Structure formats: C-alpha cells, structure tokens
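Please read this note with the model open beside it.

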Amino acid sequence: MAWKVGGALASLLVLLWVSNSAAVGPASEHAPARQDATQREIWRRDYRAPAAIPFPESNPYTEAKAELGRRLFFDPILSGDRDRSCASCHVPNLGWADGRARAADLNAGDMDLRTPSLLNLAWQERLGWDGKFRTLESVSFFPINGPANMNLPTAEALRRLSEDEGYARAFAEAFPDPAVTKERVEAALATFERLIVSRPAPFDRWIAGDEGAIEAAAKRGFDLFNGKARCAACHSGWSFSDGSFHDIGTATGTDIGRGRFFPGSPALRYAFKTPGLREVSRRAPYMHDGAVPTLEAVIDLYDRGGIERPSRSPDIRPLGLAPSEKADLVAFLRTLSSEPGRVPALADLTADTPRP
C-alpha cells in the first residue's frame with residue numbers, strides 16, 4: 001500500500017451498493033444466497049483503507065521531524081539508566097507491543113496494564129487504555145518520567161539531548177532553531193509514531209477484489225464478525241476500532257478503566273479502549289490486562305457474554321456460537337496480519353512512506 005502523508009485526512013465516503021439483479025417476480029431458491037452476497041459486499045466497503053495519514057495542523061509532517069522522532073524512539077538516552085527506549089516495550093515484530101501480559105517495570109515486576117500497540121494511532125483520539133491522553137503528543141513523557149518505566153526527569157532528558165552534538169543538529173534541522181524543549185521532543189516522537197501504519201494483509205487484498213486472497217472459512221468469519229457475533233459494533237472500520245471505551249464484562253474490583261475519570265457514569269465503569277485488530281495474531285496475550293492467552297480464548301470469552309452488570313455494553317451478551325463458527329472467526333482474524341517478515345523494521349518504516 002502506498003501511503004501518502006497529508007494534512008487533514010479527507011472524509012471517506014462509504015458507498016452503499018444495492019444489487020438490482022433480482023427482478024420483481026417469483027421467489028427464487030437462489031435469492032438467500034444473492035442476499036447474503038449483497039450484504040457481504042456492503043460490509044466490505046466499510047474496510048477500505050484511507051488514502052493518507054492524517055497529521056494535526058499544530059504538528060504537521062516534515063521529514064526532518066519524523067527522522068528525529070525515529071532516533072528518539074529507538075535511543076535509550078531517554079531512560080534514566082540508558083538501558084530502555086520506547087522500542088523496548090513497543091517492538092516492531094511484536095505488532096508494536098511487547099508480547100507480555102503486562103508491561104515490565106524496572107524491578108522485573110509487572111505494571112498494572114498491558115503495553116498497547118502503536119499501530120495506526122494516527123487515526124485515534126483519546127489514547128491509553130483508560131483514555132487519559134488527549135493527543136499522541138501528550139503521551140511521550142508519561143513513560144519517560146515514570147519511575148517504574150524509563151525513570152528520567154524531564155530536565156535531565158532535555159539536558160542530555162542538548163549536550164549531544166548529533167541531536168543538537170537534528171533539532172536544528174527539524175525546527176526553526178536548535179532549542180531542545182519538551183514540546184519539540186513530543187512533536188518529533190508523535191510525528192514518527194503517526195507513521196507506524198500496519199502493512200497490507202491478505203484481508204486488504206480481498207477487500208481490493210482478490211477473491212483468492214483469503215480462504216472460505218475466513219470469509220464466513222468476516223460475515224460472522226459483522227453479523228451474528230457483533231464484533232464490528234466496536235471493532236469497526238479499516239483499523240478495526242471505534243476509538244471508544246466499553247465494558248465487555250471482564251474487569252473487576254478497582255480495575256475500573258475510564259470510570260476513574262467519570263465516577264458518576266455507570267456506563268464507563270470498567271470501560272476500556274477498543275484496541276485495533278491489525279496484526280492481532282502477533283499480539284498475544286489479549287485484553288487490557290493480558291488475561292486472555294489466545295485468539296480462541298478471546299472468542300470463547302465474547303461467546304459467554306461477560307459479567308452482567310449496568311456498565312456492560314449492550315452489544316456484549318451470550319452469542320451461542322457453534323464450534324465451527326468460532327473457528328471461522330479465528331480464521332478471519334488471522335487474515336488481518338501482514339505476511340511473515342513484512343512487519344516494519346526500524347530502518348524501513350519512514351523510508352517506505354511516500355513524502356508529500
């Protein structure tokens with residue numbers, strides 16, 4: 001896929017295709033099959049990839065800024081002991097997460113939540129499992145300053161970068177003057193991170209019209225995903241996330257997610273961010289706390305319907321899926337991962353992205 005780097009992402013018009021092949025007349029035994037095919041084609045139009053990566057007017061794309069952000073992302077200079085970088089937890093070949101149930105802290109223990117993937121964040125708002133970050137720019141110094149994470153005070157981070165001749169030149173190239181500020185570090189990292197876009201997968205070739213790109217089981221799974229299983233109620237669109245927060249009936253106790261910020265809202269208690277599903281087969285374990293080990297177990301969880309309570313999403317309820325339907329759903333989810341060896345490595349991500 002040739003991504004274009006642009007300013008604001010143009011609105012994507014979804015064209016509803018209506019078959020007029022069935023003439024008015026006697027009912028046909030083939031009518032249900034035609035009806036099912038028509039519904040599938042309508043659903044497929046919701047998953048066409050956008051044409052450009054959106055960048056905010058307050059932090060427009062430049063190549064120099066993206067390259068500076070790439071250097072900062074992979075450099076342990078931003079950790080207290082110089083032994084961690086952003087890429088320590090957001091590993092390209094692990095779907096830009098870390099493969100752990102919960103993020104590792106500096107003392108070889110576990111943090112409270114799983115490391116989220118950075119894939120396709122350019123299309124997301126309200127970041128973090130509980131939505132505590134308003135913008136991608138506002139995320140950067142949370143892990144850098146975190147005592148259990150990178151454990152580096154802001155002032156020390158800026159001092160290190162300012163005293164490094166290579167970084168001094170890079171900041172001078174990316175900004176009007178060489179000053180190293182917190183806001184410029186945030187802008188550079190966010191610019192690079194918006195370029196972290198999932199590669200085309202077999203699913204995308206199918207959406208583009210290659211009927212042989214995925215197997216029949218995966219096509220049946222796509223129908224279930226959008227129909228009986230109701231997955232698309234939350235995992236919608238090209239990135240497979242509605243960007244919102246839902247209680248799926250699993251969290252308990254003080255693990256209340258977005259409810260921390262809205263204690264008076266019954267609907268947001270135990271609500272967590274809907275993760276995108278791109279590269280999902282590479283990103284086990286699953287859920288905000290890494291409590292579910294496999295895709296098969298995820299399907300079983302949703303089939304059961306979760307804890308019944310006032311905050312539980314109305315789209316979460318027992319599904320009554322047959323074993324064959326569960327297998328079809330997993331087959332579909334596996335088509336959302338790119339071919340082996342095609343996950344972006346650290347040197348080719350920005351190089352493969354067309355410039356404006």
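**Notes on the predicted model**

1. The largest cavity has a volume of about 600 Å³. Of the 38 residues lining this cavity, H235, I248, P275, M287 and Y302 are the closest to its centre. Two or more lining residues come from each of the elements β4 (272-273), α10 and α11. The biggest contribution is that of α10, which supplies four residues. By type, the lining of the largest cavity holds 23 nonpolar, eight polar and seven charged residues. The model is a predicted one.

2. How many cavities of 30 Å³ or more are there? The count is two. The second largest cavity holds about 30 Å³ of space. Its lining consists of L94, A97, D98, G99, R100, R114, R282, R283, A284 and P285. These divide into four nonpolar residues, one polar and five charged. As background, empty space left between atoms is shown by rolling a probe the size of a water molecule over them.

3. For the chain as a whole, the secondary structure amounts to 11 helices and four strands. The chain has 356 residues, and 47% of them count as buried. Take the contacts between residues at least 6 apart in sequence: 69% of these join residues at least 24 apart.

4. Helix α10 can be taken next. Its buried residues are L295, V298, I299, L301 and D303. The cover over them includes α11. After α10 comes G305, which has a positive phi, near 100 degrees.

5. Helix α11 covers residues 323-334, which is 12 residues. Within α11, the residues E325, D328, L329, V330, F332 and L333 are buried. Among the elements covering them are α8 (202-207), α9 (216-226) and α10 (295-304).

6. One side chain in α11 can be followed in detail. F332 belongs to this helix. Is F332 buried or exposed? Its relative accessibility is 0%, and therefore F332 counts as buried. Leaving aside residues up to four places away in sequence, F332 touches F203, A218, G221, F222, F225 and F240. F332 and L224 are 108 residues apart in sequence, yet their C-alpha atoms are 9.4 Å apart in space.

7. The last point concerns the cysteines. A disulfide is a covalent bond between the sulfur atoms of two cysteines. A search of the whole structure finds zero disulfides. C86 counts as buried because its relative accessibility is 12%.

8. With a relative accessibility of 10%, C234 counts as buried.

Definitions and conventions: Residues are numbered from 1 along each chain as its sequence is written. This is a predicted model: local features need pLDDT of at least 70, side-chain atom pairs count only at pLDDT 80 or more; totals for chains, interfaces and linings use all residues. Side-chain values use heavy atoms; hydrogens and water are left out. The expected span of a helix is 1.5 Å times one less than its number of residues. Buried means under 20% relative accessible area, exposed over 50%, partly exposed in between (1.4 Å probe, protein chains only). Contact means heavy atoms within 4.5 Å. On a 1 Å grid over the protein atoms alone, a cavity is a set of points where a 1.4 Å probe fits but cannot get out, and a pocket is an open set with protein on both sides within 12 Å along at least five of seven lines; lining residues have an atom within 4 Å of a point. Grid points are joined across faces, edges and corners, and a volume is the space filled by probe spheres set on the points. Ala, Val, Leu, Ile, Met, Phe, Trp, Tyr, Cys and Pro count as nonpolar, Asp, Glu, Lys and Arg as charged, and the others, Gly among them, as polar. A disulfide is a pair of cysteine sulfur atoms within 2.5 Å.
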